[in-house]
Amino acid sequence: MIKLRIITFSALVLIFSCTDQKKEDTTTKKLAVNYDRSGGIVNHNSSPHIKLKSIEIGDCKWTEGFWADKFKMAEEIMIPHMGTLFKGDIGFAYDNFKKAAGLKEGEAGGKWWHDGDFYKWMEANMYLYAQNGDEKLMDDLDEIIEIIGKAQEEDGYLSTHVQIKKAKRWDNILQHELYNCGHLYTSASIHYRVTGKTNFLDIAIKNANYIYSVFQPQKPEMARFGFNPSQIMGLVELYRTTKDKKYLELAEIFVNMRGSVEATEHSTVPYMFIGDHNQMRTPLREAKEAVGHAVLANYLWAGAADVYAETGEQAIIDALERIWSSAVEKKMYLTGAQGQTHHGASGRFDMVHEAFQEDYLMPNSTAYNETCANISNAMFNYRLLSVKGDAKYGDIMELVMYNSALVGISVEGKDYFYANPLRMNKGDGERNYESATTERAERVPYIPVFCCPPNLARTIAKLSGWAYSKSKNGIAVNLYGGNVLETVLLDGSKLKLKQETNYPWDGDVTVTIKEAKKEKFEILFRIPEWAEGTKIMINGTEVDNKIVPGTFAKIERLWKAEDIITLDIPMDIDFIEGHPLIEEVRNQVAIKRGPLVYCIESPDLPENTKILDVYVSKKAELKANHRPDFLGGVSTIDGEVLLRPDLATGMYRKLQEPNWKKTETSFVPYFAWSNRGRSEMTVWMPIVWE
Ligand SMILES: [Zn+2]
């Protein structure tokens with residue numbers, strides 16, 4: 001229904017633009033006719049080097065269960081509430097555009113990159129609109145877009161802090177000019193796809209043309225730019241929308257610039273960010289290791305994957321696979337989080353910030369794990385899933401979403417975490433949160449560095465777009481959740497299906513075919529690597545395919561309406577241990593059930609129990625218990641833990657026999673911790689081998 005309405009509206013816009021805007025530049029008009037409105041969030045429709053192509057925005061809608069509930073939270077609370085922050089005196093962002101447009105007096109508020117954060121929030125609204133068709137959301141954006149247009153300079157430049165402060169353009173990478181542009185391009189491309197209007201896209205194109213004039217030909221003094229390079233993904237999306245190859249060329253230039261000049265002091269780069277921090281020490285095509293700022297890194301890799309999808313350059317995908325292996329297999333937390341340290345050193349001893357550090361160096365209490373880094377890890381993995389068609393990337397995407405992304409927002413939808421440690425101490429051992437910029441002991445309603453909240457808002461709002469992909473002759477189920485899918489397969493045939501499940505609280509998934517072509521096609525089901533023993537039934541009969549966890553189970557047949565596919569995914573409770581080189585988790589275990597990592601939190605322990613007193617027996621009998629009215633509706637894992645109150649003194653002391661106390665408790669999903677006031681929490685606990 002919504003789709004039809006959008007198409008009609010688009011046609012009206014075209015008629016309107018042809019008849020009423022006679023003064024419009026004829027080149028723009030000609031281009032407008034050629035713009036590509038089709039495509040998903042990441043538009044793969046014409047990408048030659050993609051195995052699993054994105055579904056169109058709005059093709060999949062959550063109907064019930066976990067992600068439907070989270071979408072509703074985002075739709076009703078998180079995104080509108082964030083809008084009042086951004087438009088008011090706390091969030092500054094909208095006012096910055098008004099000030100740059102000369103419509104308001106005053107200093108620039110927030111940070112240099114705040115424009116980009118505002119574009120992300122706008123993008124989140126577009127995904128809501130694609131699902132709920134609420135025209136008011138887009139009417140409100142039109143008002144905002146008009147102001148943004150007024151803020152844009154004649155030559156296309158747009159970065160409000162630089163404009164309001166009358167700072168010199170391209171003076172320092174920390175001005176985040178390209179980060180702002182990148183989010184503008186992505187947001188404007190999505191806006192065009194969901195509305196058919198070019199008002200936002202025109203601003204993006206004008207800006208990208210200006211950026212092209214700045215960076216092409218490449219100037220040596222500009223070679224260090226591209227800090228927090230969201231512009232690479234944005235430019236590829238702009239290319240996919242307009243088909244203008246210069247945007248792809250520009251995206252490739254920004255990939256080529258990494259490591260193109262010696263990592264020495266330069267006026268555009270602060271001393272502490274020279275080298276690995278900004279992925280500048282090694283050309284991307286030669287990189288073997290995940291280094292530096294974890295958001296910058298994942299944005300660069302995701303952008304490079306987008307470039308590969310268009311160019312098919314082998315050296316790029318080879319490098320990305322090596323980097324993935326380093327990032328995911330040696331530097332990632334159990335929750336899918338990345339960026340072990342706030343301030344530290346790379347393996348080559350460059351100073352780094354909010355960054356990866358050495359392999360297996362995984363502190364829990366001081367883990368940085370910026371919500372944006374975790375989300376961008378999922379973005380990178382979604383792109384590799386699309387390029388390679390390998391389920392292992394879908395596993396990481398899912399892991400991040402259920403754990404290290406979702407932990408960034410409270411159950412209610414108004415309070416945020418920026419840093420996401422795996423342990424929280426109170427009192428003795430507590431960090432100095434008073435003087436921290438981004439680390440907090442509990443979620444807060446506003447973070448002066450406000451990049452993560454709108455990033456999470458847009459990701460929750462768009463997640464149904466990641467739930468399925470189109471394969472060569474069929475459909476891939478990437479994520480499980482109650483939804484309806486109505487899409488057109490790559491051969492042009494219609495497919496409609498319905499998914500019903502209470503995943504991840506239980507592992508029964510039912511997919512009913514509602515409409516399908518009359519020829520054979522495949523349905524690929526991602527079988528998570530933890531899901532040993534998964535069974536698949538068709539109309540009640542078990543399939544004889546060998547089901548291999550960590551791969552897609554491919555079922556190809558002649559499907560007909562009302563065929564029912566049932567998946568029985570075991571939701572076992574597992575103890576997890578770490579590689580012996582991870583010193584921080586030696587002889588400790590974490591609890592995982594399905595895609596969810598669990599933690600233990602002080603409200604679930606006897607009064608005055610310290611979180612570090614908690615041990616767990618290998619023989620503990622643990623049971624999942626669904627509690628619809630607890631923490632927004634979660635399954636807890638209930639069982640007995642051992643307590644060893646630490647009564648000894650001194651940093652080091654002679655070993656004492658433990659005097660165990662036992663207590664019944666509940667483990668809660670990691671994403672749901674810190675919703676009951678200031679607490680202590682840990683994911684990892686020492687194991688007792690009784
Ligand atoms: Zn962030």
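Residues are called buried when their relative accessible area is under 20%, exposed when it is over 50% and partly exposed in between, with a 1.4 Å probe and protein chains only. The structure is a predicted model, in which local features need pLDDT of at least 70 and side-chain atom pairs count only at pLDDT 80 or more, whereas totals for chains, interfaces and linings use all residues. Residues are numbered from 1 along each chain as its sequence is written, and side-chain values use heavy atoms, with hydrogens and water left out.

In strand S20 (residues 614-617), Val-614 and Val-616 point one way and Tyr-615 and Ser-617 the other way, and all are buried; strands (E, at least two residues) and helices (H or I, at least four) are DSSP runs numbered from the N terminus. Two strands are taken to pair if DSSP finds at least two bridges between them. S20 is joined by two bridges to strand S22 (residues 634-643), the two running antiparallel, and there Tyr-615 has Leu-642 as its bridge partner. Two bridges also join S20 to strand S25 (residues 685-688), in this case in parallel, with Val-616 partnered by Ile-687.

An open sheet of three strands, paired in the antiparallel sense, has the order S3-S5-S4. Its edge strands, each pairing on one side only, are S3 (292-293) and S4 (341-345). Two bridges connect S3 with strand S5 (residues 351-356), and His-293 stands opposite Ala-355 of S5. Helix H12 (residues 294-311) packs on this sheet, where it touches S3 and S5, and its direction makes about 70 degrees with that of S5; contact here means heavy atoms within 4.5 Å, and angles run from 0 to 180 degrees between N-to-C directions, with axes fitted as lines to C-alpha atoms, for helices over the stretch in contact.

Helices H10 (residues 230-242) and H11 (residues 245-257) pack at an angle of about 165 degrees, their axes being 7 Å apart. The two helices are therefore roughly antiparallel to each other, a term applied to angles over 145 degrees. Among the residues in contact are Leu-235, Leu-238 and Tyr-239 of H10 and Leu-248, Ala-251 and Phe-254 of H11. The residues of this contact divide into eleven nonpolar, two polar and one charged, where Ala, Val, Leu, Ile, Met, Phe, Trp, Tyr, Cys and Pro count as nonpolar, Asp, Glu, Lys and Arg as charged, and the others, Gly among them, as polar.

Gly-102 lies in the loop between helix H4 (93-100) and helix H5 (114-132), and counts as exposed because its relative accessibility is 60%.

How values were computed:
Angles under 35 degrees count as roughly parallel, over 145 as roughly antiparallel, 65 to 115 as roughly perpendicular and the rest as oblique.
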